[in-house]
Amino acid sequence: MESNAQEFVEKVAIVFEAMGIPRSAGRIVGWLLIADGPQTVEDLTLGLGLGRGSVSASARLLETAGMIQRVRVTRDRRLFYRISRDAWLNALQRSLASIRGLRDLAREGLRVVDGQSPAAHARLASMDLIYTTLLDEMSRVSEEVSISASDVYV
């Protein structure tokens, strides 16, 4: 793998790791983003210098998350992976679910402290405002991109 490609793969891995996803899974995503076509487990192990078990475990995690998918290549019995058509929409939906959960917690907290602590009310109201705004804007963006995303996948 050339130097620029390797740097990109590692940058993707670092970003994914910061989100709590194993670095090896991030490396697979980085590799598949720049690969010319679907990749076999062997392609991933050799290209990334990962063990077969690590690739298999990370691939299962990424499949479950909707980031990658298994595909078949005509006249080839091997299993191939590629980035899922809806990988980024799936990631956005997971983010929306987390944000919705935090917004709901803020609202529950507001009910708990209703009429009691002004300081606690202010903290929870701030939390509610931030997560409600994020949820509204990200939901709007999600709807906009889901309409056009089907046209861009190769």
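**Exercises on a predicted model**

The model is predicted: local features need pLDDT of at least 70, side-chain atom pairs count only at pLDDT 80 or more, and totals for chains, interfaces and linings use all residues. Residues are numbered from 1 along each chain as its sequence is written, and side-chain values use heavy atoms, with hydrogens and water left out.

**Exercise 1.** State which element holds I34.

*Solution.* I34 is found in helix 2 (residues 23-34). Helices (H or I, at least four residues) and strands (E, at least two) are DSSP runs, numbered from the N terminus.

**Exercise 2.** Determine where the buried residues of helix 3 lie, seen down its axis.

*Solution.* Step 1: list the buried residues of helix 3 (residues 41-48), namely V41, L44, T45 and L48. Step 2: these buried residues fall within an arc of 95° (taken from the directions from the helix axis to the C-beta atoms), so they line one face of the helix. Step 3: recall that an α-helix has 3.6 residues a turn, so residues three or four places apart point the same way.

**Exercise 3.** Describe the sheet and identify its edge strands.

*Solution.* Step 1: 3 strands form an open sheet in the order 1-3-2, with antiparallel pairing (two strands pair if DSSP finds at least two bridges between them). Step 2: strand 1 (39-40) and strand 2 (68-73) each have a single partner strand, so they stand at the edges with one side left without a neighbour in the sheet. Step 3: strand 2 is joined to strand 3 (residues 76-83) by 5 bridges, and Q69 stands opposite R82 in strand 3.

Key
Buried < 20%, exposed > 50% of the residue type's maximum accessible area, 1.4 Å probe, protein only.
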